[in-house]
Amino acid sequence: MSTPKPTESAATPADPAPVDTRDALEVLELEAKEWDKDAEIDRILKAFRLNAYAVLGLKPGAPESDIKNLYRKKSLLIHPDKTKNPLAPDAFDRLKKAQTELMDEKHRARLDEAIADARMLLMREMKLTVDSEELKTPEFEKKWDEKTVFVLVENEQRRRRQMKAQLQEEGREQRKQEEELEQRKKKRQHEEDWEKTRDQRIDSWRQFQKGKNGEPEKKKKKKLKPIG
């Protein structure tokens, strides 16, 4: 039995239109970039802000060229105008502050010294030498970071105490100067007032002398001698 041949009028299914994947890839790329931005913003905000190296994500002692290049790269990544993350302005300000501190030779020297002090203190606590293999381990790096936080916090507290003492001393000195100025002002005012009444005092004295000279001389009473 032969099968019937399809008639010419029977409809044949149309071939599916090709799918343009470019839009989907662009969306994925944009999402990946936003994720990178959010991750970097989160990292900056969680970094210990007294350690500018940590904020920038650099190892201590990094050269100035690395500081400039990395700052430029990260500042472009998390710039508030290029991301919708509401925390971007705060992260951008911290990044800028860290870069400014590291470009300041004096501030950077103090930071390097504090980090070196932290390493030395940790080596003493762990009884290590410069040749110890433990210095190359991730565990030591982690403890070094923690000790660096401790040293930087102590330094900052000491700086604030010194600043407070200095302000108090400046306040005492300021009050002393103000009191001396007030005393000089009072003295000057007293001298001016004294000078203004000079003619009046002279006239009063002359009147007093005139009245004294015009009074009749009083007769002295004779003392009576007792009888007997």
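**Close-up 1. Leu50 in this predicted model is partly exposed, with a relative accessible area of 31%.** Partly exposed lies between buried, under 20% relative accessible area, and exposed, over 50% (1.4 Å probe, protein chains only). Leu50 is placed in the loop between helix H1 (22-46) and helix H2 (52-56); helices are DSSP runs of H or I with at least four residues, numbered from the N terminus. Together with Val149 and Val153, Leu50 forms a nonpolar surface patch of about 170 Å² accessible area. Such a patch joins nonpolar side chains within 5 Å, from residues with over 30% relative accessible area and no salt bridge (a side-chain nitrogen of Lys or Arg within 4 Å of a carboxyl oxygen of Asp or Glu). Areas come from the Shrake-Rupley method with a 1.4 Å probe.

Close-up 2. A polar atom of the Asn85 side chain lies 2.8 Å from the backbone nitrogen of Leu87. Beyond neighbours within four places in sequence, Asn85 is in contact (heavy atoms within 4.5 Å) with Asp38 and Ile41.

**Close-up 3. Lys127 has a positive phi of about 55°, although it is not a glycine.** Most residues other than glycine have a negative phi. Lys127 belongs to the loop between helix H5 (105-126) and helix H6 (138-196) and counts as exposed, with 76% relative accessibility.

**Notes.** Residues are numbered from 1 along each chain as its sequence is written, and side-chain values use heavy atoms, without hydrogens and water. In this predicted model, local features need pLDDT of at least 70 and side-chain atom pairs count only at pLDDT 80 or more, whereas totals for chains, interfaces and linings use all residues.

Conventions:
Patch = residues over 30% accessible without salt bridge, like charges linked within 9 Å, V, L, I, M, F, W, Y side chains within 5 Å. Helix = DSSP H or I, 4+ residues; strand = E, 2+ residues; numbered from the N terminus. Polar contact = N/O pair within 3.5 Å; in protein donor to acceptor, adjacent residues only side chain to side chain.
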